[in-house]
Amino acid sequence: MSFKNELDRSQAGGEDHDALALDPALKAALDNFRQSVHSWSEAAYNRPRMQVASRRRLWRLATGWALGCVLVAGAVSGGVYGRHLKQARAEAVLEAEHQRQLAADREAEELMADVDSDISRQVPSAMEPLAQLMAEDESNISTGKKKRN
C-alpha cells in the first residue's frame, strides 16, 4: 500500500480534514524523503548484479588457491618430516655404534682385569724356592750388584 492510497482512504472515511492537513514544510520533507527512497530503490534495482557464472568462477578460483596452498604445505611438511626421520636414524646409528664401542671397551677392561688377576696370583708352594731366587735377582739388579757364580 502506498502512502497516497492510505491518505485517500482516510479522507473517504469521513475523518477530520484538519488532522490530515499537513504542515507544508513537513509535507515537503516527506515528499523529499519519498523521492529519495524511490530513487535509491530504483538505483539498487537497476545496478548490475554479479552473474551466477562469475560467482562459480570466483569459487573455483578460491578453491583452487586453497587446494594449492594445502598441496604446498603438505609437500613442505613432508620434506621437513623426511629430513627429521633421516637425522633421527643417523643419531640412532651413532648411538648404537657408541654403545658397541663402550661394550668393546668394557670387554677389553674385563679381559685386562682377568690377565692382571692371573699374573698377580700367589706362587704355588712347590714353586716357592724359585720365586725367592727371582726376588733376590730383582733386588740385586735394582741395587746394581751382580751375583757371580
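Start by selecting R100 and E97: they form a salt bridge, with their closest N and O atoms 2.7 Å apart. (A salt bridge here is a side-chain nitrogen of Lys or Arg within 4 Å of a carboxyl oxygen of Asp or Glu.) Keep in mind that this is a predicted model, where local features need pLDDT of at least 70 and side-chain atom pairs count only at pLDDT 80 or more, while totals for chains, interfaces and linings use all residues. Residues are numbered from 1 along each chain as its sequence is written, and side-chain values use heavy atoms, with hydrogens and water left out.

Now show helix α4, residues 52-119: R100 and E97 are 3 residues apart in this helix, so about one helical turn separates them. (Helices are DSSP runs of H or I with at least four residues, strands are runs of E with at least two, and both are numbered from the N terminus.) R100 is exposed, at 52% relative accessible area, and E97 is partly exposed, at 42%.

Next, pick D105, E107, E109, E110 and D114, which gather in a surface patch of negative charge. (Patch members have over 30% relative accessible area and no salt bridge; like charges are joined within 9 Å, nonpolar side chains (Val, Leu, Ile, Met, Phe, Trp, Tyr) within 5 Å. Asp and Glu count as negative, Lys and Arg as positive, with His and the chain ends not counted; a charge is placed at NZ of Lys, CZ of Arg, CG of Asp or CD of Glu.) Click on E109: this residue lies in helix α4 and is exposed at 58%.

Hop over to M127, L130, L133 and M134, a nonpolar surface patch with about 380 Å² of accessible area together. (Areas use the Shrake-Rupley method with a 1.4 Å probe; for residues, only the protein chains shown count as cover.) L133 sits in helix α5, residues 128-143, and is partly exposed at 45%.

Finally, zoom out. The chain has 5 helices and 0 strands, and buried residues make up 2% of its 149 residues.

Conventions
Buried < 20%, exposed > 50% of the residue type's maximum accessible area, 1.4 Å probe, protein only.
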